[in-house]
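This briefing covers pockets and ligand contacts. The structure comes first, and the notes follow by topic.

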Amino acid sequence: MNVSVTLESRFRDVEARLEAACARSGRPREDVRVIAVTKYVSAAKAAAVVQAGVRHIGENRWPDAKHKWEALNGQAVFHYIGSLQTNKVKDVVGRFGYIHSLDRLSLAEAIHKKAETLGIDVPCFLQVNVSGEPSKHGLEPERLREFIRELRIFPRISPVGLMTMAPLEAEPEQTRPVFRSLRQLKEQLNRDSGMETPLTELSMGMSNDFEVAVEEGATWVRLGTVLVGKEEIEAN
Ligand SMILES: *Cc1c(COP(=O)(O)O)cnc(C)c1O
């Protein structure tokens, strides 16, 4: 099968679904940006995705992302979407435009330190465990306010918004309360946490549930399987 034709038809299908979800919720299509998650595909496929016009690439492990980053550096903005170990921060900060998984102060400190040596600010999403599943990473919603206050000692960190992962549901509609809660948390924090810069972004929605996430206010959807597919990856 011709890879680029497959990609093209996937892109067209996702675009139509995004437009419909925006229309249903009265949102302008340009308020929602797409991160193509390339963790299941080769560097060649990731390059084809960028070639096809996607500017934002998501990866969740540095060792797997390394080749793609080296090949595509400058052509795409990389988003770090996986849980981030403190000892990997040195590889990620400076290479990834956004970190979606800030969920603890020790990580914030490591990101800040590395950013300070590079003289850059790092836009970060605070990952929230809205659903409360023990298997999921992320801050408890009740911790957010205090966490944001504590982050002030790390001025190289720019909190831009909140991120969550909904439980995998057979019926995507069941994820709606999780996404709605994340939006409400953002609104609440903007009202009463005394931040200088309000949180503007919501990173939520994956292949299984992105339309519901868009209806509930997602500004970034993270799409792997539905947009770029999955392949057996040879060591690359
Ligand atoms: C893998 C991954 C995605 C994309 O998953 P799909 O269901 O294939 O779209 C999105 N977000 C995170 C955090 C991921 O780890």
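The model is predicted. Ile148, Leu151, Arg152, Phe154, Pro155, Ile157, Pro159, Gly194, Met195, Glu196 and Thr197 line its second largest pocket. The ligand is found elsewhere in the briefing's list of sites: it sits in the largest pocket.

**Second largest pocket**
- The space in the second largest pocket comes to about 250 Å³.
- Its lining is made up of seven nonpolar, two polar and two charged residues.
- Arg152 and Glu196 are among the lining residues of this pocket, and the lining holds two charged residues by class.
- Phe154, Pro155 and Met195 are also among the residues that line the second largest pocket.

**Largest pocket**
- The volume of the largest pocket is about 380 Å³.
- A total of 20 residues line the largest pocket.
- Lying nearest the centre of the largest pocket are Lys39, Asn60, Ile81, Met165 and Met206.
- Sorted by class, the lining of the largest pocket has nine polar, seven nonpolar and four charged residues.

**Ligand surroundings**
- There are 13 residues around the ligand, and Lys39, Ser207, Arg222, Gly224 and Thr225 come nearest.
- The shell around the ligand consists of seven nonpolar, four polar and two charged residues.

**Polar contacts and burial**
- Lys39 places a polar side-chain atom 2.6 Å from an oxygen atom of the ligand.
- For Ser207, a polar side-chain atom lies 2.5 Å from an oxygen atom of the ligand.
- In the side chain of Arg222, an N or O atom is 2.8 Å from a nitrogen atom of the ligand.
- The ligand taken alone exposes 390 Å², and the protein buries 92% of that area.

Conventions
Residues numbered from 1 in each chain as written. Predicted model: local features only at pLDDT ≥ 70, side-chain atom pairs only at ≥ 80, totals over all residues. Heavy atoms only, no water. 1 Å grid on protein atoms, 1.4 Å probe; cavity = no way out; pocket = protein on both sides within 12 Å on 5 of 7 lines; lining within 4 Å. Points joined across faces, edges and corners; volume = space filled by probe spheres on them. Nonpolar A, V, L, I, M, F, W, Y, C, P; charged D, E, K, R; others polar. Near = heavy atom within 4 Å. Polar contact = N/O pair within 3.5 Å; in protein donor to acceptor, adjacent residues only side chain to side chain. Areas by Shrake-Rupley, 256 points an atom, 1.4 Å probe, with all protein chains shown as cover. Sits in = over half its atoms within 2 Å of the grid points.
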